[in-house]
Amino acid sequence: MKAKTSILITGGAGFIGSHLVRLFVKKYPQYQIYNLDNLTYAGNLENLKDIEDLPNYKFIKGDIVDQEFINEIFDTYKFDRVIHLAAESHVDRSIEDPLAFVMTNVIGTMNLLNAFKSLWKNDFKNKLFYHISTDEVYGSLGTEGLFTEETSYDPNSPYSASKASSDHFVRAYGETYGMPYIISNCSNNYGPHQFPEKLIPLFINNILNGKALPVYGDGNYTRDWLFVIDHAEAIDLIFHKGIIKETYNIGGFNEWKNIDLVKLLCQQMDSKLARPKGTSEALITYVKDRPGHDLRYAIDANKLKSELGWEPSVTFEEGLEKTISWYLENEKWLNHVTSGAYQDYYKLQYQQ
Ligand code: NAD
Ligand code: DAU
């Protein structure tokens with residue numbers, strides 16, 4: 001008989017995963033948390049320095065694409081529950097190398113599903129496979145409307161197609177083998193520890209270095225932004241109170257056109273850095289558009305709000321302010337992750 005519930009969190013060294021691991025390790029000493037991560041360019045154990053010595057935490061380095069390895073660790077640790085975040089997560093990279101996204105996001109998820117199924121031999125009492133997905137699987141909205149849990153899947157990028165595929169397999173394992181699963185689909189996250197390839201940390205880093213701010217197309221694309229800690233709290237709530245076989249949309253009730261967001265970021269950066277107003281905005285440069293660029297994402301998170309009582313805890317202005325402060329106080333982290341291979345990525349993506 002195992003003393004503690006054993007929970008596998010995949011991708012726990014990444015942006016959202018590290019916030020989730022920290023929350024679970026600190027809040028639930030009765031759980032044994034295993035963080036499985038391959039430490040790709042996006043994974044960084046520095047994100048978890050403050051909890052790495054706690055007794056209910058263990059890091060396992062490994063690749064979810066390696067089925068033999070995955071079977072071995074399931075056999076060793078007999079995970080009761082899985083929260084699956086490990087993924088290739090950046091749309092622009094998926095346009096350059098779609099197959100890498102199929103391998104990790106589809107095959108990797110299949111390997112975890114198969115290992116979970118064979119460990120529990122189809123007896124899933126008190127077990128859970130919680131799959132973390134994205135609102136991008138729903139495709140693009142026009143200027144009106146919101147994504148609900150009933151919106152049909154209509155992915156447009158190789159990234160969102162790979163996430164949609166993995167969602168379908170999770171659901172299929174639930175229907176076919178009775179595997180207890182939950183899926184949540186979240187909007188754009190921002191906050192500390194996000195790798196500076198995504199819009200907000202990329203632009204913070206460029207402002208710090210006096211570099212151009214490359215706005216794709218006309219900048220009139222819309223995203224719904226959520227502070228990462230609010231996402232981690234939503235996952236915690238859904239993990240404990242969500243209903244098996246249900247989907248939950250998570251969003252910030254917070255839509256911004258890219259160009260308006262960038263201008264707000266520029267104003268906050270000028271003020272933090274005590275630079276004359278307009279200094280950062282002068283760096284805005286319109287560049288060629290992302291192929292297949294989705295016009296608008298916006299989440300209806302009312303199911304989560306009304307059924308489980310979740311609400312975002314910070315306004316966007318507060319969250320952005322906290323985020324900027326974190327990057328300014330952690331320039332060492334920023335310089336570390338933007339050295340080496342990051343420079344090659346930047347040259348390829350932005351041709352400069
Ligand atoms: P991230 O890119 O910051 O982190 C991904 C983590 O997965 C990294 O630590 C990486 O090392 C690990 N990983 C990648 N390939 C792996 C492999 N083959 N084996 C083991 N580990 C591997 O991503 P994120 O932004 O934290 O996103 C986490 C999850 O949340 C993803 O599934 C993503 O699709 C989803 N999501 C992200 C957002 C967002 O705005 N960032 C929004 C909604 C959903
Ligand atoms: O909606 C959830 C998704 O949000 C997650 O599933 C993805 O993992 C995450 O990367 C994010 O996807 P986006 O493509 O929306 O995020 P990104 O930060 O790459 O881009 C946000 C918007 O900013 C988008 O309209 C493209 C634009 N953009 C982005 C970059 C990197 C620019 O204009 N310039 C840029 O240099």
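Predicted model: local features only at pLDDT ≥ 70, side-chain atom pairs only at ≥ 80, totals over all residues.

Visitor: Which element gives the largest share of the shell around ligand 1?

Guide: The shell around ligand 1 holds 28 residues, and the closest are Asp37, Asp63, Ser89, Tyr159 and Lys163. Three residues of that shell come from one strand, and this is the largest share, given by E5.

Visitor: How far is the side chain of lysine 163 from an oxygen atom of ligand 1?

Guide: Backbone atoms also approach the ligand, with a polar backbone atom of phenylalanine 15 at 3.1 Å from an oxygen atom of ligand 1 and a backbone N or O atom of isoleucine 16 at 2.8 Å from an oxygen atom of ligand 1. For lysine 163, the distance runs from an N or O atom of the side chain to an oxygen atom of ligand 1, and it is 2.6 Å.

Visitor: How much of the accessible area of ligand 1 does the protein cover?

Guide: On its own, ligand 1 has 830 Å² of accessible area. The elements that give two or more residues to its shell are helix H1 (15-27), strand E5 (128-134), helix H5 (158-177) and strand E7 (188-190), and the shell divides into twelve nonpolar, 13 polar and three charged residues. The share of the ligand's area that the protein covers is 96%.

Visitor: Turning to ligand 2, what is the distance between its oxygen atom and the polar side-chain atom of aspartate 135?

Guide: Ligand 2 has 26 residues around it, of which Asp135, Glu136, Tyr159, Arg290 and Tyr350 come nearest. A polar side-chain atom of tyrosine 350 lies 2.6 Å from an oxygen atom of ligand 2, while a polar backbone atom of leucine 199 is 2.8 Å from an oxygen atom of that ligand. For the polar side-chain atom of aspartate 135, the distance is 2.5 Å.

Visitor: What percentage of the area that ligand 2 exposes when taken alone does the protein bury?

Guide: Helix H3 (91-96), helix H6 (199-208) and strand E8 (213-216) each supply at least two residues of the shell around ligand 2, and that shell divides into twelve nonpolar, seven polar and seven charged residues. Taken alone, ligand 2 exposes 690 Å², and the percentage of this that the protein buries is 95%.

Visitor: How many residues of H6 are buried?

Guide: Among the buried residues of H6 are Ile200, Leu202, Phe203 and Asn206. Helix H6 is mostly covered, and of its ten residues the number buried is nine.

Visitor: Is serine 162 buried or exposed?

Guide: Serine 162 has its place in helix H5, and, leaving aside neighbours within four places in sequence, serine 162 is in contact with Phe101, Val102, Asn105 and Val106. The side chain of serine 162 also makes a polar contact with the side chain of asparagine 105, at 3.0 Å. Because its relative accessible area is 3%, and the limit for that class is under 20%, serine 162 is buried.

Visitor: Why does lysine 58 count as partly exposed?

Guide: Lysine 58 is in strand E3 (residues 57-61), and, apart from neighbours within four places in sequence, lysine 58 is in contact with Gln32, Ile33, Tyr34, Asn35 and Tyr77. The partly exposed class lies between the buried limit of 20% and the exposed limit of 50%. Lysine 58 counts as partly exposed because its relative accessibility is 34%.

Note on methods:
Residues numbered from 1 in each chain as written. Chains lettered and ligands numbered in written order. Heavy atoms only, no water. Near = heavy atom within 4 Å. Polar contact = N/O pair within 3.5 Å; in protein donor to acceptor, adjacent residues only side chain to side chain. Areas by Shrake-Rupley, 256 points an atom, 1.4 Å probe, with all protein chains shown as cover. Helix = DSSP H or I, 4+ residues; strand = E, 2+ residues; numbered from the N terminus. Nonpolar A, V, L, I, M, F, W, Y, C, P; charged D, E, K, R; others polar. Buried < 20%, exposed > 50% of the residue type's maximum accessible area, 1.4 Å probe, protein only. Contact = heavy atoms within 4.5 Å.
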